[in-house]
Amino acid sequence: MANAQSSTAARVFARVFRPFAKVEPEETFSVAMLTLTIFLIMMAYYFLKTAREPLVLLYGGAEVKSYASAAQATLLLLLLPLYNVLVKHVSRMRLLATVYLFFVSNLVIFTVLPASTIAVAFFVWVGIFNMMAVSQAWGFATDIYKPEQGKRLFAIIGVGGSSGAYAGSRIAKMAASLGPQKLMLAASATLVLVVLLFAWVNRNVAPEEKKADTHADGGIPEQHAAEGTFALFMRDKYLLLAGALSLLANWVNSNGEYILDRTLLASLGDAPMEQKMTFVGAFKGDYFSWVNLVGFVLQLFVVSRVLTKLGPRVALYFLPGVAFVGYTIMLTAPILSLIRIAKIAENSLDYSIEKTSFQALFLVASRIEKYVGKMTVETFLVRMGDVFSAGLVWVASMMSLSTPALAGINMTLIVLWILVVVAIGKEHRRRSEESEEQLALEPIRT
């Protein structure tokens with residue numbers, strides 16, 4: 001009876017998902033749980049992101065915010081080797097639980113410290129949390145699904161991220177008056193629930209997928225994990241291209257965020273600090289809400305169709321194309337309302353089509369690339385984009401560069417970005433063809 005009810009529920013879920021992507025009945029529960037997990041991670045992140053903005057901008061400034069972003073790369077140089085050691089010695093589930101619960105313990109400490117004391121440190125911490133938490137979640141998804149499944153299912157899982165980001169930004173906007181510490185507490189409770197959901201999905205992974213792993217619940221083979229992170233990159237063209245793609249995309253985005261922040265602060269005038277904090281918090285909450293609402297719509301109705309009909313190689317051209325148009329607008333009309341619209345368009349595409357397409361690139365990757373390599377790409381190399389952006393901010397402040405000048409620099413970077421998309425597309429095509437050949441040979445080998 002229980003199995004029949006479970007089968008009926010699976011078919012119902014499959015029909016619910018069908019307008020957005022093809023989901024088989026046996027995939028529905030894992031997809032639903034992973035979608036909920038990504039939803040909660042992104043909701044918690046936007047609680048923290050909304051909390052950090054008034055802290056760093058009002059206790060530091062737009063320039064300090066850029067420099068703090070660069071500091072994340074330095075800390076990641078220390079954290080990634082430790083993460084690599086952890087990968088080597090623990091199973092997949094213990095890896096997830098250890099990292100997420102470590103972040104929870106950090107949040108508890110932040111909530112009891114004065115806001116002025118933690119402003120910059122908290123900003124740096126949130127950036128590291130975002131990169132590591134999201135990368136681990138998607139690494140887990142690429143590990144339990146085959147390439148054909150990922151192309152169909154990642155759009156649904158990505159809906160969890162878009163909707164979680166929108167929900168988190170809306171809730172954070174309404175709760176902005178409660179102060180940053182309350183948002184931190186809400187995020188920490190959410191992350192504990194995330195760990196429980198990961199445990200459920202991990203327990204219910206298909207038996208044949210478990211047997212393929214070295215550890216009982218999907219750990220990483222020790223001989224791969226023992227390899228140094230940067231040694232892995234030096235011999236892996238695919239990871240180098242993925243890293244260059246992430247670096248350039250984040251460099252452009254961080255430059256754009258500086259342009260927006262600088263323009264926003266210039267509009268505040270001489271209002272009292274408390275009024276400024278409320279205004280900036282509300283502005284950022286509204287801005288994040290629009291980004292995530294548009295991203296959610298794209299994720300729900302566009303991403304699956306783009307990935308299945310065009311594939312991730314073509315989808316990766318969408319964001320640089322739209323960003324180029326946006327910075328052309330900033331070059332010719334550098335006013336706050338238009339900059340806000342351009343950044344909403346850029347970030348909503350980034351959080352939907354771009355992010356899902358990028359994750360799909362790793363469906364044809366090895367397990368060491370999915371965990372160690374992917375984590376490095378989505379943490380250190382992304383933050384290196386912040387380092388380069390901080391350097392540009394320093395030059396801009398020394399030379400008093402205008403918004404049009406910064407927009408022009410971004411347009412040049414976008415051209416380089418497109419060239420990297422061309423190169424990684426060729427490598428992805430080669431790997432996809434090899435993967436298809438191996439799958440075609442499997443029945444013959446058996």
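Predicted model: local features only at pLDDT ≥ 70, side-chain atom pairs only at ≥ 80, totals over all residues.
Modeller: Partly exposed describes a residue whose relative accessible area lies between the cut-offs of under 20% for buried and over 50% for exposed.

Colleague: Why is R430 called partly exposed?

Modeller: R430 has a relative accessibility of 36%, and because buried means under 20% and exposed means over 50%, R430 counts as partly exposed.

Colleague: Why does E427 count as buried?

Modeller: The relative accessibility of E427 is 8%, and buried means under 20%, so E427 counts as buried.

Colleague: What makes the contact of E427 and R430 a salt bridge?

Modeller: Their side chains meet at 2.4 Å, N to O, and the rule asks for a nitrogen of Lys or Arg within 4 Å of a carboxyl oxygen of Asp or Glu, so the pair is a salt bridge. Both residues lie in helix α17 (residues 403–445), 3 residues apart, about one turn of the helix, and they belong to a network of salt bridges that also includes D236 and R431.

Colleague: How do you know that R340 and D286 tie together parts that are apart in sequence?

Modeller: R340 lies in helix α15 (residues 336–361) and D286 in helix α12 (residues 273–309), so the pair ties together parts 54 residues apart in sequence. Their closest N and O atoms are 2.7 Å apart, and a salt bridge needs such atoms within 4 Å.

Colleague: Is D286 itself buried or partly exposed?

Modeller: D286 has a relative accessible area of 21%, and since buried means under 20%, D286 is partly exposed.

Methods. Residues numbered from 1 in each chain as written. Heavy atoms only, no water. Helix = DSSP H or I, 4+ residues; strand = E, 2+ residues; numbered from the N terminus. Buried < 20%, exposed > 50% of the residue type's maximum accessible area, 1.4 Å probe, protein only.
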